[in-house]
Every structure is written in C-alpha cells, then in structure tokens.
Amino acid sequence: MQNVPRSLPNILITGTPGVGKSTICKMLSERTKFSWREVSKLAEEYNCLDEFDPVYQCPILNDDKILDVMEGMMTKGGNIVDYHGSEFFPERWFDGVFVIRTNNTVLFDRLTERGYSEKKLEDNIQCEIFEVLLEEAQNSYKPEIVMELQNDTQEQLIANVDTIIAWIEKWKEENL
C-alpha cells in the first residue's frame, strides 16, 4: 500500500489489556461512524491465530496473516484499530496513535474481574507500571502522532473520547 491521501484518518487505540481501549473504540465508532477494527476479533474471523499459549491461556496472533487481512481495510481511512500492541503495524497506516493508560489499582480490579490468571495479571500490571506499550508506540511512530490518555474514571473516559473526536476534526481541517 502506498501513501494514498485519505479523506478520513486512521487511528490506533493501544494500551495494556484492561485500560479501556474497547470502551473508547466503541464510543468513538458510534459517534464518528468510523470502522472499529478489533484486531483480536479479526484474527479469529480470518484464522490469523497460531498455537495456544498455555502460560497466558490465549492463542498467539500471526502478525503476517493479520497484516495481510487488514491491508485493504486501511487504504481509505476512517478506521479505529483496537489492539494491545502497536510495533508490528506499518507506520503508514496511522495518522494518530492513542495510548490509553490507567492507574494500577484500577487495572488490577478490571483484570481480576476478567478472571486473569495470577501470572497474566502480574505481567499486565508490570507492563503498565513500566510503560511498555507507551514506549512501544513512541518507538514505532513519529512522536507528533503519539498521544497518551489517562483513563481511570468515567469522566476521563468521556473526556478521552471528546479529545480524540476533536483531534479527528482538526485532522480533517488540516488534510482536506
């Protein structure tokens, strides 16, 4: 895919599991009519999963297969990509990358409620503490397109959605 001018931006919503990515994506999709691309669901739908990881109790994503599946989807813009990783996506796909963060206590409660195993819970908390996904995004994309948003409360959730929508509107003004 070449750098084709898009009429709408593509955005990536990333962060540790449990920070609220899917909630934000759902709200954004409803308000913007952008296509919500849940990478985990696409991977299941298009058979892009490899063997099962017994330690984390989940299938392993085949990066190459999912990128092949998504390539055509990303061309025209208007996509909200929802995934906990960011480094394997082509930089050309995204106009904005939003790293969602949350307080470790809030994250612990959310992941415990999901029934995460002790190891999976501990590793995800450590990932958030050490800003692993923020650093991954900062190392994978131009600094001017990576934004960090805190998402601990309902008020912050609403403010984050409003912030991203304002960013989309500004992008449209500057690029159309």
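Visitor: What is the accessible surface of the protein chain, and how much of it belongs to carbon and sulfur atoms?

Guide: In this predicted model, the accessible surface comes to about 9400 Å². Carbon and sulfur atoms account for 49% of that surface.

Visitor: Why does the radius of gyration of the protein chain agree with a compact globule?

Guide: A compact globule of 176 residues would have a radius of gyration near 16 Å; the protein chain has 16 Å, so the value agrees. The C-alpha trace spans about 50 × 35 × 30 Å along its principal axes, and 47% of the 176 residues are buried.

Visitor: Why is S29 called buried?

Guide: The term buried requires a relative accessible area under 20%. S29 has 17% relative accessibility and therefore counts as buried. S29 lies in helix α1, residues 21-32, and touches F34, W36 and I80 when residues up to four places away in sequence are not counted.

Visitor: What makes D53 a buried residue with no salt bridge?

Guide: A salt bridge requires a side-chain nitrogen of Lys or Arg within 4 Å of a carboxyl oxygen of Asp or Glu. For D53, the nearest side chain of opposite charge is that of K120, 8.8 Å away; by that cut-off, D53 is without a salt bridge, although buried.

Visitor: Which backbone nitrogen does the side chain of D53 reach?

Guide: The side chain of D53 reaches the backbone nitrogen of V55 at 2.8 Å. D53 itself is in strand β3, residues 49-53. Leaving aside neighbours within four places in sequence, D53 is in contact with C58, P59 and I60.

How values were computed: Residues are numbered from 1 along each chain as its sequence is written. This is a predicted model: local features need pLDDT of at least 70, side-chain atom pairs count only at pLDDT 80 or more; totals for chains, interfaces and linings use all residues. Side-chain values use heavy atoms; hydrogens and water are left out. Helices (H or I, at least four residues) and strands (E, at least two) are DSSP runs, numbered from the N terminus. Buried means under 20% relative accessible area, exposed over 50%, partly exposed in between (1.4 Å probe, protein chains only). Lys and Arg count as positive and Asp and Glu as negative; His and the chain ends are not counted. A polar contact is a pair of N or O atoms within 3.5 Å; within protein, one must be able to donate a hydrogen and the other to accept it, and residues adjacent in sequence count only if both atoms are side-chain atoms. Contact means heavy atoms within 4.5 Å. The radius of gyration is taken over C-alpha atoms; the globule rule is 2.2 Å times the number of residues to the power 0.38. Accessible areas come from the Shrake-Rupley method with a 1.4 Å probe; for residues, only the protein chains shown count as cover.
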